[in-house]
Amino acid sequence: QVHLEESGGGSVQAGGSLRLSCVASEFAYSSSCLAWFRQVPGKEREGVAAIYRGGGRQPYYTDSMPGRFTISQDNPKSTVYLTMTSLEPEDTAMYYCAVSSGLTCHVAKWRDSSRYTYWGQGTQGTVSS
């Protein structure tokens, strides 16, 4: 059973930064797509970014946050990161990491949360004005 554990959330003021981490206990797929989603109460879970485990491909980002968020990975540590800068109050959300097969890392598929089998418990990011 794959276990994902997020950390790094917290409270910051607008303009600040947070770096989220997600450590995976193992990877069930020979190739994997690692993603970050976020959700606020009453709204659907929104894809933030995704990256193909092992690299070799450009990561994917949602268009609504150009240049402010960066997804990266440390394969020996089985860890994926989300670095968030120039944070805005609208970025306040619960942030989740998720893992799917590598086939999900496609421009037309990565935002579909139903494609992800494994999810972490989430880490809260709160941005105050």
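**Close-up views of the predicted model**

**View 1. Strand 4 and its two antiparallel neighbours.** Eight bridges hold strand 4 (residues 32–39) and strand 9 (residues 93–101) together as an antiparallel pair, in a structure that is a predicted model. Within this pairing, cysteine 33 has serine 100 in strand 9 as its bridge partner. Strand 4 is mostly covered, with seven of its eight residues buried.

View 2. Strand 3 (residues 18–24) is mostly covered, five of its seven residues being buried. Strand 1 (residues 4–7) runs antiparallel to strand 3 and is joined to it by four bridges, with glutamate 6 having cysteine 22 of strand 3 as its bridge partner. Strand 3 also pairs with strand 8 (residues 79–84), in the antiparallel sense and over six bridges; in this pairing arginine 19 stands opposite threonine 83 of strand 8.

**View 3. Salt bridges of aspartate 91.** Aspartate 91 forms a salt bridge with arginine 38, in which the closest N and O atoms are 2.9 Å apart. This pair links distant parts of the chain, since arginine 38 belongs to strand 4 whereas aspartate 91 sits in the loop between strand 8 and strand 9, 53 residues apart. The side chain of aspartate 91 also meets that of arginine 68 in a salt bridge, at 2.8 Å from N to O. Because arginine 68 lies in the loop between strand 6 (60–61) and strand 7 (69–74), and aspartate 91 in the loop between strand 8 and strand 9, the pair ties together parts that are 23 residues apart in sequence. Aspartate 91 counts as buried because its relative accessibility is 2%, and arginine 68 likewise counts as buried, at 11% relative accessibility. Arginine 38 is buried as well.

View 4. A search of the whole structure finds four salt bridges, including one between aspartate 112 and arginine 115, whose closest N and O atoms are 3.6 Å apart. Aspartate 112 counts as partly exposed at 32% relative accessibility, and arginine 115 is partly exposed with a relative accessible area of 38%.

Terms used. Residues are numbered from 1 along each chain as its sequence is written. This is a predicted model: local features need pLDDT of at least 70, side-chain atom pairs count only at pLDDT 80 or more; totals for chains, interfaces and linings use all residues. Side-chain values use heavy atoms; hydrogens and water are left out. Buried means under 20% relative accessible area, exposed over 50%, partly exposed in between (1.4 Å probe, protein chains only). Two strands pair if DSSP finds at least two bridges between them.
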